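Hi,

Here's the structure I promised to pass along. Have a look at it first, then read on for what turned up.

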Amino acid sequence: MQDTYSSCTPVNADYVGRCFYCGLEAEEQFKDFIPPKQYLPFIGSLNMEHAPCSMPCCKECNELLSRCSDATVEARKQFLNDRVAKKYKEALTIYERWDENELTENGASLDRSIRAGISLGKEADQRLKFRGFAYELNGKTYRQEIEPDVSFEVFGETFPSYRDALQYAARAYSVAIDELSRLVSKTKSFDEAITVYNAERVAKLEKAEREKICAQFARTHQLNKGFVLRTLTAYEKRFPELSPEECLSKFRDDRLS
Ligand SMILES: [Zn+2]
C-alpha cells in the first residue's frame, strides 16, 4: 500500500525539512499519510483533494494526528490545531498574558516557571499560526503560500498579534488582563470589550455607592437597609431627575419628619 502514496515536496526550498502542519523540523521517519492508510479503502476519491500522499511531519504532529480520520490537509491542520491548543492551553495562556519584561518583580522561582510557560506558549502559538506551504505532488502544485493577513485593533491602534493587542489594551486602559481576554472572546472586539468593562465598572461603583448611602441612611433613621434600598429605587423611578442622595432627602422630608 506504501506505493499508493506519493510524497509531497515543498515548492519553496525554505520549507524543505519542515513539518507541513506546524513548521517545526520534520523527521524522515514520521510521515502524515493523507488519507490515513487504515481509512483509504473507505474514502471515496470525491472526498480527497488529490491522490493519496505523504506529507513531511514532525514527531509530535504525527502522534497528534494518529487519531485523525480526515482526508484533506485543511481538515487535518484544523484537527491538529485543536489538539495543540488543548495540550498547551496553560502555556498559551501564560504566553498571552505575560510579558518577559514584567518578570523581575516576582520571586525567582515564580519567574522561572512563568518564563518557561512563556517560551513553551510562544512555540505553541507559532505552531498554531503556521499555515503550511505550497507543495508539489505528481508534478502538480497545490495550495498557495498564504501570508497571514491578520491584525488586531484597539481604538485605532493596530497590532500584528492578539497577544500584543491584549497586553497593550490591558495596560493602556487599566483592565485586568484575564477579564479583558474573557470579554474579547465574547464580544470579538477589543473596543467593545473595553467599553463593556468600563460600563460594568461604573455600574459596580454606582451599586456600591448606593448601598453605602442606603446603609448610612438606614443607621441614622433606624430603618432596615433593604427597605431603604427599595424605597430609593421607587423614588428614583418617580423622580428620575433627582440623584440618589436627593431622593433619600425627599423621602426623609415626606415620610420621616
Ligand atoms: Zn509538526
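A quick word on terms: the domain bounds used here come from an automatic or database domain assignment. Also keep in mind that this is a predicted model.

With that in hand, the protein splits into domain 1 (2–142) and domain 2 (152–256). Their C-alpha centres are 45 Å apart. Where the two touch, domain 1 supplies four residues and domain 2 supplies six residues. On the domain 1 side, that's one nonpolar residue, no polar ones and three charged ones.

Now for the insides. Nonpolar side chains tend to be buried together in soluble globular proteins. Here, the largest nonpolar core has 26 residues, and Cys19, Tyr21, Met55, Cys57 and Cys61 have the most contacts inside it. Strand 3 (31–34), strand 4 (53–56), helix 1 (59–64), helix 2 (73–87) and helix 3 (89–97) each give two or more residues to this core. A second, separate core has 13 residues, including Val154, Ala165, Ala193 and Tyr197.

You'll find an open one of three strands, in the order 2-5-6, with antiparallel pairing. Strand 2 (9–10) and strand 6 (140–142) are at the edges with a single partner strand each, so one side of each has no neighbour in the sheet. Strand 5 (residues 135–137) pairs with strand 6 over three bridges; Glu136, for instance, has Thr141 in strand 6 as its bridge partner.

Cheers

Definitions and conventions: Residues numbered from 1 in each chain as written. Predicted model: local features only at pLDDT ≥ 70, side-chain atom pairs only at ≥ 80, totals over all residues. Core = buried A, V, L, I, M, F, W, Y, C linked by C-beta atoms within 7 Å. Buried ≥ 20, exposed ≤ 12 C-beta atoms within 10 Å, placed from the backbone. Helix = DSSP H or I, 4+ residues; strand = E, 2+ residues; numbered from the N terminus. Contact = placed C-beta atoms within 7 Å. Nonpolar A, V, L, I, M, F, W, Y, C, P; charged D, E, K, R; others polar. Pairing = 2+ DSSP bridges.
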